[in-house]
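Please read them with the sequence and the coordinates open beside you.

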Amino acid sequence: MWQLLKIELFKIFRKPRTFISFGAIAAIILIIQLGLKFDGKSYVELMMGDISDSFEIPYAMVLNGYFVAFVILNAILIHVPLLVALVAGDSIAGEANMGTLRLVMTKPVSRTGLMLVKYFASVIYTVLLLLWMALLALLLSIFFFGTNDTIIPRNDVIEQIQKADTLWRYIAAFAFASVALSTVAALAFLLSVFAENSIGPIVATMSIVIVLTILSELKIPMYDNTVKPYLFTSHMLGWKGFFYSRIGPDHMVIPGSIENLPAILRSLGILLGYIVMFVTTAILVFRKKDILS
Amino acid sequence: MSAIIQVNGLTKYFKEAKAVDDLSFTVNEGDVYGFLGQNGAGKSTTIRMLLTLIQPTSGDINMFGMDLRTHRHKILQQVGAIIERPDLYRYLSAYENISIFARMSGLKIPKKRLMEQLELVDLANRADSKVKTFSQGMKQRLGIAIALIHDPRLIILDEPTNGLDPQGIADMRNLILDLSRNHKKTVMVSSHLLSEIEIIANRMLIIDRGKKIIEGNVQELFNPAKMIVELQTLNPAKTLETIMSTKWKSFVRSHEHDKIIFEMNKVDIPELNNELVENGVQVLQIQQRYSLEEYFLSLTKAQQYVATFEN
């Protein structure tokens, strides 16, 4: 299995298209950082909105590396599923399209083993993509903007997370985002089993994610308890929960606290459940599949 | 001589369409086994079932004395194959491709041995070139190197000469003969070209529309004593009626326009002629032919012909 996993990773990282995602993320993060470097004040005022009428916002304090990283994650994490689908959707369908799948399957490799390895390789790619994003969003922002307490605007209030209480939240958020994006990878992987070229599963994955995200965001009460809790897209932004803290009697954030940990864990459980369901279905379908490509 | 492949009652349906129909055959150790059929006859489907790419609807496949369903892993360790085109990872080099597939076979093969294998197919000087820069013939040679890298006992080649130029075809033919004679490999090779099979195979199977037409020793099947005989008469309808009411019915292979094709011994021709004349058939000519392609077509068409006539 380890040998097969190494082969899969080798194949993924020898494909030029794999690095499109890394390039795209680097480009957008640098553009955001440059924009905030030169016009950060306007952005902070805009973001704080009405709150700035009640408080004197210390602009220089707000615009620090942690805050910039939060802005970046908020802006781009929702679009990363497309980049994940590029690789996961290609894993089986791409090989079927190239014709290599039939050669692979004439080797003494079990179908279940191959599927597990291919999915794990997609997950490793997803985690590496997120690490790359973390490296650029967090470390580069800290390098450009320094560190300070993180100001998180929430409706009509702001949370001020102490500098020393911030880094673990980012690590937890990236870990959660890895699971969320691995769910998208599992969906693309499942769809990849049915197709013989990778465009279909990639487009289908994005269509499903877009439709379900719209449903998750829809403000129609009848869907609140009947549909939304069961959609994986409703739980994908659960990483934000790590930045929402409990407030003490002094109206200050309690260091190390999370406002609603059970909700985060529930979201995590649902996402993991979807992963198991998608991957198991993909394996069962592939075990019975006639390879005609 | 032990059986390397034993197939019994193999059948495959794709939805309602029957691609392979109750097919049985045996490939013995050391055979170069020709698997003949026209395009769409079911050759590739059968080969894919032997390689576990397609699941049979029914029937049994035993290879090396083991059931393919229960011993897939052990069996495939001893098989090397090319199915139709040798599609490889185009963005990787020849060396990277052969290295990947060697490792997939569960073997740790040193670089020296991989390079020797590339040398064998005359690709050592292009080891670092990406496969996307290769011609069809080079890809085919690399495919062969990959199929042989784990030193398999059985090599299955599905239409290996497709898309090759005459030199490539000759090279492939020589390679198959070399594998059989000098390396004692068992080779199963499919083709729609009878002439190819005649040159390289010692045994062969002909299928048509998924069904076995004939299986046997190539020398015996192409026995010159059994000839293709073409009969032309002035009154084809009466001729056909006469023949179908006599023992000559069993020698008829096909019937087209004013010609009736027989497969028969040369010595029986005068008797056929006499009987036709006695029955008032005006014989224009009886022509002996021996064309491999006609033989092949006569066999496959004969099945259709007999079925049509009996209906």
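Predicted model: local features only at pLDDT ≥ 70, side-chain atom pairs only at ≥ 80, totals over all residues.

1. In helix α6(A), the buried residues are A:Val80, A:Pro81, A:Leu83, A:Val84, A:Ala85, A:Leu86, A:Val87 and A:Ala88. Since eight of the nine residues of α6(A), which covers residues 80-88, are buried, the helix is largely enclosed by the rest of the structure.

2. What do the buried residues of α6(A) pack against? Their neighbours are helices of chain A, namely α1 (2-13), α2 (18-48), α5 (65-76), α9 (111-145), α10 (167-194) and α11 (199-217).

3. Turning to chain A as a whole, its secondary structure amounts to 13 helices and two strands. The radius of gyration of chain A is 21 Å, close to the 19 Å that the globule rule gives for 293 residues, and chain A is therefore as compact as a globular protein of that length. The C-alpha trace of chain A spans about 70 × 45 × 30 Å along its principal axes, and 41% of the 293 residues in the chain are buried. Of the contacts in chain A between residues at least 6 apart in sequence, 77% join residues at least 24 apart.

4. Chain B has eleven helices and 14 strands, and its C-alpha atoms fill a box of roughly 75 × 40 × 35 Å along the principal axes. Buried residues account for 41% of the 311 residues in chain B, while 71% of its contacts between residues at least 6 apart in sequence join residues at least 24 apart.

5. Within chain B, strand β3 (residues 32-36) is mostly covered, with five of its five residues buried. Are the faces of β3(B) covered or open? Both are covered, given that B:Val32, B:Gly34 and B:Leu36 on one side and B:Tyr33 and B:Phe35 on the other are all buried.

6. The partners of β3(B) deserve a separate point. With strand β8(B) (residues 186-191), β3(B) pairs in the parallel sense over five bridges, and the bridge partner of B:Phe35 in β8(B) is B:Ser190. With strand β9(B) (residues 203-208), β3(B) again pairs in the parallel sense, here over four bridges, and B:Tyr33 stands opposite B:Arg203.

7. Strand β6(B) is likewise mostly covered, five of its five residues being buried. B:Val79, B:Ala81 and B:Ile83 point one way from the strand, B:Gly80 and B:Ile82 point the other way, and all of them are buried. Five bridges join β6(B) to β7(B) (residues 154-158), the two strands running parallel, and B:Ile82 stands opposite B:Leu157 of β7(B).

8. Finally, how many residues does each chain bring to the contact between chain A and chain B? Chain B supplies 23 residues and chain A supplies 19 residues. On the side of chain B that touches chain A, the elements giving two or more residues are α2 (72-76), β6 (79-83) and α3 (94-104) of chain B, with the largest share, four residues, coming from α3(B). By kind, the residues of that side of chain B divide into 13 nonpolar, six polar and four charged.

Key:
Residues numbered from 1 in each chain as written. Chains lettered and ligands numbered in written order. Contact = placed C-beta atoms within 7 Å. Nonpolar A, V, L, I, M, F, W, Y, C, P; charged D, E, K, R; others polar. Buried ≥ 20, exposed ≤ 12 C-beta atoms within 10 Å, placed from the backbone. Pairing = 2+ DSSP bridges. Rg over C-alpha atoms; globule rule 2.2 N^0.38 Å.
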